[in-house]
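User: I would like to learn how to read a few features of a model. Please take them one at a time.

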Amino acid sequence: MDADVVRLLIRRLQDGRLPHGRIGEVWFQAGTGQRCDCCGDVITPNHTKISGVSVDEWAAIQFHADCFRIWEVERLVPVPT
Ligand SMILES: [Zn+2]
């Protein structure tokens, strides 16, 4: 697990740029050059892209598969107030 990706993801969760809600339906595809909403890097065709919509925030997301797994853990950590 890349610590920089985790820090970036936590920051985006805390400032509301990434949703906390579960994804209603998840799609797995090869990347086609989109930017990952987590790390900001391009999702190339040799990476798996995971996309979907958060059912709580109605926010569309697209992540690298590795970033999605990190987000699935970190989204459930309470945001400090
Ligand atoms: Zn990523």
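Analyst: Start with accessibility: buried means under 20% relative accessible area, exposed over 50%, and partly exposed in between, using a 1.4 Å probe and protein chains only. Arginine 75 has a relative accessible area of 13%, so it counts as buried. This is a predicted model, in which local features need pLDDT of at least 70 and side-chain atom pairs count only at pLDDT 80 or more, while totals for chains, interfaces and linings use all residues. Residues are numbered from 1 along each chain as its sequence is written, and side-chain values use heavy atoms, with hydrogens and water left out.

User: Which side chain meets that of arginine 75 in a salt bridge?

Analyst: A salt bridge needs a side-chain nitrogen of Lys or Arg within 4 Å of a carboxyl oxygen of Asp or Glu. For arginine 75 the partner is glutamate 72, at 2.8 Å from N to O. Glutamate 72 is partly exposed, at 30% relative accessibility. The structure holds 4 salt bridges; another joins arginine 69 to aspartate 66, with the closest N and O atoms 2.5 Å apart. Both arginine 69 and aspartate 66 are exposed.

User: What are the protein donors of the zinc ion?

Analyst: Donors are N, O and S atoms within 2.8 Å of the metal (3.2 Å for Na, K and Ca); water is not among the atoms, so sites may look incomplete. Here they are Cys36 (SG), Cys39 (SG), His64 (ND1) and Cys67 (SG), lying 2.2 to 2.4 Å from the zinc ion. Their sequence spacing is C-x2-C-x24-H-x2-C. Cysteine 36 and cysteine 39 are both buried.
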